[in-house]
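Dear colleague,

Here is the structure for you to look through. My notes on how its parts meet come after it.

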Amino acid sequence: MGEKQPPTSESLAEPIRLLLVDQGINFIDDRINKSDWPIIKSHFQFEQLPCLYDGDQQIVQSGAILRHLARKHDLNGGNELETTYIDMFYEGLRDLHSKYTKIIYQTYDTEKDSYTKDVLPVELTKFERLLATRDNGKNFILGDKISFADFVLFEEVDIHQILDPHCLDKFPLLKAYRQRMEDRPRLKEYYEQRNAAKIPVNGNGKQ
């Protein structure tokens, strides 16, 4: 499997990388230089990244990639209700990420403080409560079984903790969840390598 993504940031490809790394799935992380992108973007569906090659099949759209991998590697729940629950959680995370990217790329200098003070706590409360409904929030989104949405939640709380180091202080389940995920052996090694490489979270350098 090969994945193509600009080298300047983690971006939407990061939960995909986390899933592949954690599950021990071999892949080539082929990152494209920004200067090369205008020349080659027509080769990709919708002219966008991230892109996953599974054999000869080109797959774009981060959600489609995650769900493809989830179906293929048993990370999509054990029945229809579990799959729907995972999708619901994932779509909620997408909504939060949209608010995050607006701050990062459009209103960072004027609205970052109000976002972390007024908006983010409301959003995190929703996920704290939802996480608590399965195994009292002590394991994964589904309870005792990991799913593709766990890698999205992990990345989302991680980038928000970078934005505001104290954002999880009032959310003990999310804070403990983030630490559990980071402590997973393959992810721990990956994080150490990523931190050493000093890869920024976002393409504009703001985080």
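Predicted model: local features only at pLDDT ≥ 70, side-chain atom pairs only at ≥ 80, totals over all residues.

Residues are numbered from 1 along each chain as its sequence is written, and side-chain values use heavy atoms, with hydrogens and water left out.

The domain assignment, which is automatic or taken from a database, divides the chain into domain 1 (11–73) and domain 2 (80–188), and their centres, taken over C-alpha atoms, are 22 Å apart. Where they are in contact (heavy atoms within 4.5 Å), domain 1 contributes 14 residues and domain 2 contributes 13.

The buried area, meaning the accessible area (1.4 Å probe) that two parts lose on being put together, summed over both, is about 1200 Å² between the domains, with 64% of it given by carbon and sulfur atoms. Of the area that domain 1 buries against domain 2, 45% comes from Leu18, Asp22 and Arg67, more than from any other three residues.

Three salt bridges are counted between domain 1 and domain 2, the term standing for a side-chain nitrogen of Lys or Arg within 4 Å of a carboxyl oxygen of Asp or Glu. Arg67 also takes part in a salt bridge, in which its side chain meets that of Asp87 at 3.1 Å, N to O.
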